[in-house]
Amino acid sequence: MATAAHTLLPLSQLSRPVTQWVNQVRELTQPRAVRWCEGTEAEARELTAELLKSGELKNLNPEFFPGCQLYRSAPSDVARVEHLTYICTRSQEDAGPNNHWMDPQAAHAKMRDLFRGCMRERTLYVIPYCMGPLDSPLARCGVEITDSPYVVLNMLIMTRAGRPALERIAREGGFVRGLHSTGELDPERRFIMHFPEELSIESFGSGYGGNALLGKKCHALRIASWQARSEGWLAEHMLIVGLESPRGETHYVACAFPSACGKTNLAMLIPPESLPGWRVYTVGDDIAWLHPGEDGRLWAINPEAGYFGVVPGTNPQTNRNAYEMIRRDTLFTNVAVTADNQPWWEGLPSGKPALDWQGRPYDPANGPAAHPNSRFTVSARRNPSWSPHAEDARGVPISALVFGGRRREVAPLVYEARDWRHGVLVGASVASETTAAAVGQVGVTRRDPMAMQPFCGYNFGDYWQHWLNVGARLARPPRIYHVNWFRRDAQGKFLWPGYGENLRVLAWMLERCAGRAGASASAIGNLPRPKDLNTHGLNLAPGALEALLTVDPALWRREVGEIREYLAKFGARLPAALLEELGKTEQQLG
Ligand code: OXD
Ligand code: MN
């Protein structure tokens, strides 16, 4: 009886701290209405119908793409804006050289001015959400207030949103506050502010992806990384995948690659025919929360409930699971459409664009038909390879952690860190060529430690120390690897086929973890010898495998110098252990 009566309470009466905050925001932003999100399917359908009516969403061809809609963002609002993203801690040192910093009081004052009256003539939506399975002690909750119904639709897919999340907040008390308004979508009045000491986020002026779906990068990475440090766990930019070998053993691997470097493809990998007996299960494609377990292993949950994936390049060869998954009940953003109103993007094997991502008649002179950072938003349940353990409250145990970047040269296909301490250096040294996921020049190599450069909510020096501390608590730590699927030859051709064939590299790692595979020691770590990798059925160019597995001492001496220079930026906050590990590598390079 008590439960039934409780569930009948209006959402606005479930949690006093949430209601008080909503009231404060209402005073400030002056919306014409307030809507609390229940998180039901009926609610999502109703909201979709409203947006179709207003023209903000368009239905796609219902015969080939049932339940799919298209949203076109403002052309000046198509990616994360790292240069407008700030960490606002009392001390600038705590944000570190890896973040843009603003004094919290100054940032609040700036944002108050932007938010004042910004929702007049708009509806204010309250989205309570839970990052992670609702019954998991590892999950954490938040509330996003937004004036964008498109953001609401995305959050309903990407998180466990609505009444059950608010009930958990009412029980636990704490929650992350995320205030968002699209404002006028003016790039000159756009800021994404984080206040880790207050567990709050304020985002104004963008309606796109990570800038606006506050549960994702803002909460589950920047704020959560801060929370994780104080609570003894790790919030990471990692996919989580389960690999079942022909022996019937399943191992879970978590991999950190920079944005748009294939995390979604790896998470949904289809084993090649020449590797029979393997099965792959997706737990997550973008974010992992990793906790030391009582058994001395590292356990992971995926805080998200859906995928916000890059569309271009998705096809039956690169990612058949994703290709099938997005054929129904999917929200597309900034793709092109064909004459018969099917979504279209670069990399599709057939069809041709009639309208580009801005809705203009397609003209190749205007660039790609679909925006290079166009996205699909879809429930994880639609993924044919969705893991039966994705909802486990305690998470899944991790056997290996993998770092990687997009690099034409230097980094070999794969190497294994000597131990956890060296692995932290390997992660801290990740470098990658930039992609279209963020505004800025594409293809420039930059340091992206643990693929967290845009996402770590505090000083990287402290973050690496925290990694070392977590490792010290693990009696059975995962092994740590580095991969590079993107090595090229002198003519610029990729040396490794990638996609499903990457399983060969993962299989070697798992065999290493089981003590069954060989390797040869090098200055940078352990590499498979050509005979240690299963290349059966792969038609690699002559010499390609040797090139992929070579450590060029001259290039690496230069690399070590660059890593040292980069690490020096962190001054006194840099753990001495990383320099010691770098010293060992340098010494062995001779
Ligand atoms: C993402 C990103 O959207 O990393 O996942 O940019
Ligand atoms: Mn990402």
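Student: Let's start with Ala260. Is it buried, exposed or partly exposed?
Tutor: Ala260 counts as partly exposed, because its relative accessibility is 34%. Buried means under 20% relative accessible area and exposed over 50%, with partly exposed in between (1.4 Å probe, protein chains only). Before we go on: this is a predicted model, where local features need pLDDT of at least 70 and side-chain atom pairs 80 or more, while totals for chains, interfaces and linings use all residues. Residues are numbered from 1 along each chain, chains are lettered from A and ligands numbered from 1 as written, and side-chain values use heavy atoms, without hydrogens and water.

Student: Ok. Where is Ala260, and what is its phi?
Tutor: Look in the loop between strand 14 and helix 10. Phi of Ala260 is near 60 degrees, a positive value in a residue other than glycine. Helices (H or I, at least four residues) and strands (E, at least two) are DSSP runs, numbered from the N terminus.

Student: What about phi of Asn334?
Tutor: Asn334 also has a positive value, near 65 degrees, and is a residue other than glycine. Asn334 sits in the loop between strand 19 (331-333) and strand 20 (336-337). With a relative accessible area of 0%, Asn334 is buried.

Student: Switching topic: what coordinates the manganese ion?
Tutor: The manganese ion (ligand 2) is coordinated by Lys217 (NZ), His237 (NE2) and Asp286 (OD), at 2.2 Å. Donors are N, O and S atoms within 2.8 Å of the metal (3.2 Å for Na, K and Ca), and water is not among the atoms, so sites may look incomplete.

Student: Next, how do helix 12 and helix 17 cross?
Tutor: The axes of helix 12 (residues 420-428) and helix 17 (residues 576-589) come within 9 Å and cross at roughly 90 degrees. That makes helix 12 roughly perpendicular to helix 17, a label for 65 to 115 degrees (under 35 is roughly parallel, over 145 roughly antiparallel, the rest oblique). Axes are lines fitted to C-alpha atoms, for helices over the stretch in contact, with angles from 0 to 180 degrees between N-to-C directions.

Student: Which residues meet there?
Tutor: From helix 12, Arg421, His422, Val424, Leu425 and Ala428. On the helix 17 side they meet Ala577, Leu578, Glu580, Glu581, Leu582, Lys584 and Thr585. Contact means heavy atoms within 4.5 Å.

Student: Which residues of helix 11 are buried?
Tutor: Thr318, Asn319, Asn321, Ala322, Tyr323 and Met325. The buried residues of helix 11 pack against helix 10 (263-267), strand 18 (306-310) and strand 22 (375-379).

Student: What does Asn321 touch?
Tutor: Leaving aside neighbours within four places in sequence, Asn321 is in contact with Met268, Leu269, Ile270, Asn383, Pro384 and Ser385. Its relative accessibility is 10%.

Student: Last one: where is Ser245?
Tutor: In the loop between strand 13 (238-244) and strand 14 (250-256). Ser245 counts as buried, at 8% relative accessibility. Not counting residues up to four places away in sequence, Ser245 touches Gly277 and Trp278. Ser245 and Ala507 are 262 residues apart in sequence, and 8.0 Å apart in space, C-alpha to C-alpha.
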